[in-house]
Amino acid sequence: MPKKVDHEARRQEISEALWRLASTRGLDGASLRDVAAEAGISLGRLQHYFRSKDEMLLFALQHINRLAGERIRTRIEALSEEPTPREVLRACLSGMLPLDEKSRVGVLVGAAYFARAVYDEPLRAEAKNGIPQLRALFADQLRRAAERGELPPERATEDEAMLLISLVDGLSTYVLLDVHGPRTALRLLDLHLAHLFGTDGAADGVADASASSGAGAGSGAVPASDAVLTSGEGSAPPSRSGEDAAKAAGRV
């Protein structure tokens with residue numbers, strides 16, 4: 001058993017070395033030799049863990065998806081004991097945005113994978129894998145909101161859920177391009193939720209994300225109001241709906 005754990009841990013370390021390279025030069029610009037050097041091991045040692053670059057790429061994508069799910073799950077678990085559907089949606093959606101350095105690297109690597117997955121069937125299948133569950137999760141939260149009288153019933157659809165996913169994808173892309181910064185992305189997300197739920201958005205509270213003094217938002221000039229954000233921590237257990245959302249987030 002220890003050998004198995006060590007083997008898995010080493011594969012994850014190699015994956016993280018790949019991400020560091022992919023976040024600066026893309027996946028195609030990262031050779032096996034480059035990844036081995038970044039991981040501090042020999043090329044032969046790397047090939048002991050991965051027989052090919054394709055195998056390494058697929059494992060690394062699966063690993064980063066697991067970490068993304070854990071990040072969203074943490075945000076859901078930090079909510080109040082009985083989070084509203086809107087709070088669950090905001091926790092999931094904001095967890096998909098590049099609001100701090102770690103999530104920014106994740107989105108950068110995801111973008112590199114997307115560019116390659118368009119032409120690579122195994123990567124495309126893995127990249128698409130979590131979308132149906134995520135869409136179903138969001139649609140379920142929208143239906144719960146409609147049942148509670150918090151949302152017009154005609155807005156509680158899978159199409160609306162897919163629009164939420166697409167919104168976050170677009171906001172994330174523009175953070176990476178320095179069109180706007182993390183704080184603006186979060187504000188625009190809150191604005192859309194306010195329109196969706198027919199409120200002024202005060203319940204969303206951008207103040208729950210504070211500026212981080214030690215992280216950067218990219219190479220371009222970013223306004224101070226758009227400094228990289230970190231989310232608050234919480235200890236209250238999630239409600240049943242929060243638990244279901246956390247489980248679904250683990251499949252993103």
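**Helix packing and a loop arginine**

Author: α5 and α10 cross in a right-handed way, meaning the near helix is turned clockwise from the far one by less than a right angle. This is a predicted model, where local features need pLDDT of at least 70, side-chain atom pairs count only at pLDDT 80 or more, and totals for chains, interfaces and linings use all residues. Residues are numbered from 1 along each chain as its sequence is written, and side-chain values use heavy atoms, with hydrogens and water left out.

Reader: Which residues of α5 and α10 make the contact?

Author: From α5, Arg86, Leu89, Arg90, Leu93 and Ser94; from α10, Leu186, Leu189, Asp190, Leu193, Ala194 and Phe197. Contact means heavy atoms within 4.5 Å.

Reader: How many of them are nonpolar, polar and charged?

Author: Seven nonpolar, one polar and three charged. Ala, Val, Leu, Ile, Met, Phe, Trp, Tyr, Cys and Pro count as nonpolar, Asp, Glu, Lys and Arg as charged, and the others, Gly among them, as polar.

Reader: At what angle do the axes of α5 and α10 cross?

Author: Roughly 150°, and the axes come within 11 Å. Axes are lines fitted to C-alpha atoms, for helices over the stretch in contact, and angles run from 0 to 180 degrees between N-to-C directions. The two helices are therefore roughly antiparallel, a label for angles over 145 degrees. α5 covers residues 85–95 and α10 covers 182–197; helices are DSSP runs (H or I, at least four residues), numbered from the N terminus.

Reader: Is α5 mostly covered or mostly open?

Author: Mostly covered: ten of its eleven residues are buried, that is, under 20% relative accessible area with a 1.4 Å probe, protein chains only. Among them are Arg86, Arg90 and Cys92.

Reader: And α4, how does that pack on α5?

Author: α4 (residues 53–77) packs at about 145°, with the axes 9 Å apart. That crossing is right-handed. Arg71, Ile72, Arg75 and Ile76 of α4 meet Ala91, Cys92, Ser94 and Gly95 of α5. By class, that gives four nonpolar, two polar and two charged residues.

Reader: New topic. Where is Arg155?

Author: In the loop between α8 (131–147) and α9 (158–176).

Reader: What is Arg155 in contact with?

Author: Leaving aside neighbours within four places in sequence, Leu142, Glu160, His195 and Leu196.

Key
Parallel < 35°, antiparallel > 145°, perpendicular 65-115°, else oblique. Buried < 20%, exposed > 50% of the residue type's maximum accessible area, 1.4 Å probe, protein only.
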